[in-house]
Amino acid sequence: MKEAIQLKDVKYQTDNNQILKGISGDISEGDITTFVGPSGAGKTTLLKMLNGLLTPTSGEIMINGKELNTYEPTDLRKYVGIALQSAPMVDGDVFDNLSLPLKLQNRSLEEEEAINILNVVGLEESQLHQNVKDLSGGQRQKLSIARTLVNRPKVLLLDEITSSLDQTSQKEIDELIQRVSKKYGTTIIWITHNLNQALTVGTYTWILMDGELLEAGRSEDIQNSTNEHVQAFLKGVVK
C-alpha cells in the first residue's frame, strides 16, 4: 500500500483552544478514506490543512512524499481539490462554472471535455448551458464535484457534501464518488456525519473525537474496535 498523505503529530491551536492534539496517520493512495466523529472533533480543520487552507501549528504533512509547505499554493490546489457542502456557484450556466478552474489559469475548457466530465458525474450533455439557478441541490453538488475534477486532482477532499440532500440524491453522490475513485484512481477523503455512509463507501475510516484520532482502519473492522469511546460513538452515545 502506497501512502498518498502522511501526517506526523499534526497539531492546531487558536488562542487557548487546542483543536488538533497530535494527529498521526497515513492515507492510502487511490482509496476512499472517510472521516467521522462528533461536531467539534477537528475533522474540517484537518481537511482544510490538506490543501493549505489552514497551516498546522506544529507537525508535518507529506503529500506524495513531499512536505505540504514546499508546494506552490496554486500547484497544491490543482493536486488536491476540495468540494464543500454549500457547493458555491458563479452566476451563469453549467459550462461557465465548469470552465472556472481553467479560466483562473488563463486556459480554456473544450466543450467536448466539459461533456465528458458531465457524463462522469451523471449530468446530461443537454444541461451544459442550463442556468445553475435551475439546478436541484443534488445537481449542484454533482456540478461542484465536476468542477473540481477539471484539474484532474490526485487527491479529492469532500466536506459533508451529501448532508443537505434527499436519500435518492445522496445515493447518486455515493455512487458518483466511487465511480470517480475507480475511473481516475483518485485518493478521496470524505467527511460525513452519516456513519453508515462512512462505513459503506469508505475503504478506510478514521474516527476523530476532541481533536484526537481514536481509531483508523479498514471500514469493516472499525465496528470491532476495543476503544470504549469509539464503541460509544458507534452506538450513538458519545462519552
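Student: Which residues touch the most other members of the largest nonpolar core?
Tutor: Leu-98, Ile-145 and Ile-177 do, out of 35 residues in that core. A nonpolar core is a set of buried Ala, Val, Leu, Ile, Met, Phe, Trp, Tyr and Cys residues joined through side-chain atoms within 4.5 Å. Buried means under 20% relative accessible area, with a 1.4 Å probe and protein chains only.
Student: Which elements supply at least two residues each?
Tutor: α3, α4, α5, β7 (155-159), α6 and β8 (187-191). Helices (H or I, at least four residues) and strands (E, at least two) are DSSP runs, numbered from the N terminus.
Student: Which gives the most?
Tutor: α4, with 6 residues.
Student: Where do these numbers come from?
Tutor: This is a predicted model, where local features need pLDDT of at least 70, side-chain atom pairs count only at pLDDT 80 or more, and totals for chains, interfaces and linings use all residues. Residues are numbered from 1 along each chain as its sequence is written, and side-chain values use heavy atoms, leaving out hydrogens and water.
Student: Back to α4. Which of its residues are buried?
Tutor: The helix covers residues 111-121, and Ala-114, Ile-115, Ile-117, Leu-118, Val-120 and Val-121 are buried. They pack against α3 (94-103), α5 (137-149) and α6 (167-184).
Student: What comes just after α4?
Tutor: Gly-122, which takes a positive phi of about 85°.
Student: How do α4 and α5 pack?
Tutor: At an angle of about 130°, with their axes 9 Å apart. Axes are lines fitted to C-alpha atoms, for helices over the stretch in contact, and angles run from 0 to 180 degrees between N-to-C directions. α4 and α5 are therefore oblique to each other. Angles under 35 degrees count as roughly parallel, over 145 as roughly antiparallel, 65 to 115 as roughly perpendicular and the rest as oblique.
Student: Which residues make the contact?
Tutor: Ile-117, Val-120 and Val-121 of α4 make it with Lys-142, Ile-145, Ala-146 and Leu-149 of α5. Contact means heavy atoms within 4.5 Å.
Student: And what about the axes of α5 and α6?
Tutor: They come within 10 Å and cross at roughly 15°. That makes α5 roughly parallel to α6.
Student: Which residues of α5 meet α6?
Tutor: Gly-138, Gln-141, Lys-142, Ile-145 and Leu-149. Their partners in α6 include Ile-173, Leu-176 and Ile-177.

Terms used. Buried means under 20% relative accessible area, exposed over 50%, partly exposed in between (1.4 Å probe, protein chains only).
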